[in-house]
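Please read it beside the sequence and the model shown here.

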Amino acid sequence: MAADVRQAFLGSFFHTPTYGSFEYLEDALVEVDAGGVIVRVVRASDPRHDELARAYRKSGILVELGPGRYGLPGFVDLHVHACQWPQAGIALDEPLDRWLLERTFPLESKFADVEFAHTVYRDLVRQLLARGTTTVVYFGSAHLAASIELARACVDAGQRGLVGKTVMDDPAANPDYYRDASPKKAVEETAQLIREVEAMRPDAPQGVWPVITPRFIPSCTDVVLRGLGNLAAEHDAYVQSHCNEGQWEHDTVLARFGKEDPYALRDFGLLREHSIMAHCTFLTPDEGELFAQVGAGIAHCPISNAYFASSVLPVKRLREQGVHIGLGTDISGGFSPNMYDNIRQAVMASRMLETGVDAQRPEAERGSGDARISVVEALYLATAGGAEALGLPVGTFEPGRAFDLQVIDTRLPYADLTGFGVFDAPEDRLTRILYLSTPENIRQVYVQGRRVIEK
């Protein structure tokens, strides 16, 4: 036994260390140190495997997944509007302007009440953890105190959180009852959020980070965009926003600046390494090259794109250009907090982009061609892809990575995923889990080696 091993996990694990393929670690032993980081993966074929398992079992530090159970990495959700959690599943058949003005903004304004924020955020964090999501990039509301409460909820629950206070200061674009008082105030409060969240790090071994968060260009004045860009450079901070989400945003930014969204964000200092831009469905090949050049990432939100984006993200083309892409639920523009649903929708959307959807058009003109992705590639986006976009050592079961785990039980009554012994190859077991599992199948969740969910 290695002296630095504090926990060991015995079982069968799936992960995607390389885009386009998966690795099945059958009856493997994963050794984890005191900091929750993977020290070594001992395969069943290793001559030391059985002896080590016996020693760890005898010392009381062995966790055995058990028969019919499989380990997957914790999910990385790159785009969640935490203050929209009470709106999930509401009004998605309405146009975006009505959805925002009649539902979203009135709801988000309620987060001026910190007690309300406390109740909602602590429920949301636990709900996401229970669905296997261990790392989340959060939009908070436009309220500083509530956004600090969101970060504290992540720390206390053991979730790896990246938290931003939404900035929306333009009086011409936002309701009087819900916006930043001034560009100066918005930048000052963002700077204070950075200080407050960084002060929480000693209490968060899994990690917690502040994120500079302009809602999107149409909500913000030039002054505040420049101020936030300067703050990002000063602190080398994460940045998140929406970019090229739909036709209206694309046209509005182009009319205002004479340039498309990505170039405007770059010129304000907001498109940079570890910037996470949600949606991006209108990105041209040249704009994809820009993302790859600066190291910015995309939060692909396939469910919400179906409602509000007017288009489908060309994942395959952007991946081939070297762009970092992960998945996002986009609560509440996306109704489901379950990353499994977004994995499934990512595959379906890519097939529809490839083949087209309008049967009244000639087949040759109907789709984009060569755009589909596999469910294994979608799993990569939900785990290692999100980690890559954030520059964090999570998302796979490799030495040096944080041990984030969701344990899937395939032998539950009313949620049986065994397949009756038919199509039982490792690939079949994995795809059955990805397509058919429910939150009930997720029995335990670990973040940084610490168990945070036990069902």
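A charge is taken to sit over a ring if NZ of Lys or CZ of Arg is within 6 Å of the ring centre and within 35 degrees of the ring normal. The charged end of Arg319 meets this rule, sitting over the ring of Tyr19 at 4.0 Å from its centre. The model is predicted, with local features needing pLDDT of at least 70 and side-chain atom pairs counting only at pLDDT 80 or more, while totals for chains, interfaces and linings use all residues. Residues are numbered from 1 along each chain as its sequence is written, and side-chain values use heavy atoms, leaving out hydrogens and water.

**Aromatic pairs**
- Rings of Phe, Tyr and Trp (its six-membered ring) pair if their centres lie within 6.5 Å, with planes under 30 degrees apart called stacked, over 60 edge-to-face and the rest tilted; the count by this rule is 18 aromatic pairs.
- Phe14 and Phe22 form a tilted pair, 5.9 Å centre to centre with 55° between the planes.
- Phe14 is buried at a relative accessible area of 0%, whereas Phe22 is partly exposed at 25% (buried is under 20%, exposed over 50%, partly exposed in between, with a 1.4 Å probe and protein chains only).
- A cluster linked by ring pairs holds Phe9, Phe13, Phe397, Phe403 and Tyr446.

**Nonpolar cores**
- A nonpolar core is a set of buried Ala, Val, Leu, Ile, Met, Phe, Trp, Tyr and Cys residues joined through side-chain atoms within 4.5 Å; the largest has 96 residues, and Ile343 is one of those with the most contacts inside it.
- Apart from this core lies another, of 17 residues, including Val137 and Tyr238.
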